[in-house]
Amino acid sequence: MFFTRIPCPKWVNHDAEFLRKSSKYFSLVGIIVGSIGALVFYSTTFIFSTEIAILLSMISTIYVTGAFHEDGFADVCDGLGGGWTKEKILMIMKDSRLGTYGASGLVLILALKFTTLRELPTYYIPLALISGHSLSRFIATTLIYTHPYVRDTDDSKAKPAAKNITGGMLIISAFFGIAPLFFFKTPLVFLTLAPCYLAKIYLGAKFKKWLGGQTGDCAGAVQQLCEVVFYLSLIALWKFI
């Protein structure tokens with residue numbers, strides 16, 4: 001209900017405690033979202049070119065999540081680009097309007113995502129989509145685990161999911177996040193974990209410096225960056241190993 005627009009049964013209500021516990025399934029949601037994108041890509045390749053199929057798969061994942069993480073990435077770009085104090089950055093990130101930094105960052109990361117997917121062998125794109133969405137969401141949960149939640153207001157809908165993640169919850173997230181990698185034909189694919197986590201460390205250091213921790217938008221930004229870094233790492237594996 002929180003991470004996607006997929007309809008839930010009517011008896012499922014929004015509850016802060018449910019939302020807090022749901023963080024451990026963040027990576028499983030990634031498998032579901034990535035599978036939808038993979039299905040759209042595979043089915044549309046019978047009709048359209050690879051480029052169009054990739055774009056349609058990206059549109060499907062953005063639609064099914066309501067651009068949830070893309071919005072977080074854009075907010076972080078705006079906040080870190082235009083703010084010089086913690087209070088100012090948090091205020092900018094809370095603003096629903098999109099600024100120049102956010103627009104530029106969003107266009108560039110989506111363009112890079114499309115280009116990297118296009119560079120991969122076509123038969124590996126469906127598995128890459130599933131793995132990219134699940135692994136990047138696992139890395140995002142590690143940010144929640146290592147960095148404290150810093151937004152003071154209680155009206156943040158993301159607050160329960162962005163704080164108090166336990167070690168056990170992180171292990172469950174890791175299982176679902178890494179599981180799709182086992183379907184690749186080479187164990188070398190696990191080398192992609194290193195650059196993805198380094199990307200998280202890089203953003204995490206910025207969040208620690210300017211905010212003292214993280215917010216839900218920060219986790220979304222980590223997810224978006226790590227998804228692209230995963231695709232870039234796959235390209236490096238195919239070309240240089």
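Predicted model: local features only at pLDDT ≥ 70, side-chain atom pairs only at ≥ 80, totals over all residues.

Student: Okay, how many helices and strands does the chain have?

Tutor: There are 10 helices and 0 strands. Reading along the sequence gives the pattern α-α-α-α-α-α-α-α-α-α.

Student: And how does the radius of gyration sit against the globule rule?

Tutor: The radius of gyration is 17 Å, close to the 18 Å that the globule rule gives for 241 residues, so the chain is as compact as a globular protein of that length. Along the principal axes, the C-alpha atoms fill a box of roughly 50 × 40 × 30 Å.

Student: What share of the residues is buried?

Tutor: Of the 241 residues, 50% count as buried. The accessible surface comes to about 11,900 Å², and carbon and sulfur atoms make up 69% of that.

Student: What about contacts between residues 24 or more positions apart?

Tutor: Such pairs account for 80% of the contacts with a separation of 6 or more.

Student: Switching to charges: how far apart are the mean positions of the positive and negative ones?

Tutor: They are 5 Å apart, for 22 positive and 15 negative charges.

Student: Now a single residue. Where is Cys196, and is it buried or exposed?

Tutor: Cys196 is in helix 9, which covers residues 193-210. Its relative accessible area is 0%, so Cys196 is buried.

Student: What does Cys196 touch?

Tutor: Leaving out residues up to four places away in sequence, Cys196 touches Leu135, Ile139, Cys226, Val229 and Phe230.

Student: How far is Cys196 from Thr61?

Tutor: The C-alpha atoms of Cys196 and Thr61 are 20 Å apart in space, and the two residues are 135 apart in sequence.

Student: New topic, rings. How many aromatic pairs are there?

Tutor: The count comes to 12 aromatic pairs. One of them is Tyr124 with Trp238: the ring centres are 4.7 Å apart and the planes are at 70°, so that pair is edge-to-face.

Student: Which parts of the chain does that pair link?

Tutor: Distant ones, 114 residues apart. Tyr124 is in the loop between helix 6 (100-119) and helix 7 (125-146), while Trp238 is in helix 10 (residues 216-240).

Student: How covered are those two?

Tutor: Tyr124 counts as buried at 10% relative accessibility, whereas Trp238 is partly exposed at 34%.

Student: Last one: which residues do ring pairs link into a cluster?

Tutor: Phe2, Phe3, Phe26 and Phe68 are joined that way.

Terms used
Residues numbered from 1 in each chain as written. Heavy atoms only, no water. Helix = DSSP H or I, 4+ residues; strand = E, 2+ residues; numbered from the N terminus. Rg over C-alpha atoms; globule rule 2.2 N^0.38 Å. Buried < 20%, exposed > 50% of the residue type's maximum accessible area, 1.4 Å probe, protein only. Contact = heavy atoms within 4.5 Å. Areas by Shrake-Rupley, 256 points an atom, 1.4 Å probe, with all protein chains shown as cover. Lys, Arg positive; Asp, Glu negative; His and termini not counted. Charge placed at Lys NZ, Arg CZ, Asp CG, Glu CD. Phe/Tyr/Trp six-rings, centres within 6.5 Å; stacked < 30°, edge-to-face > 60°.
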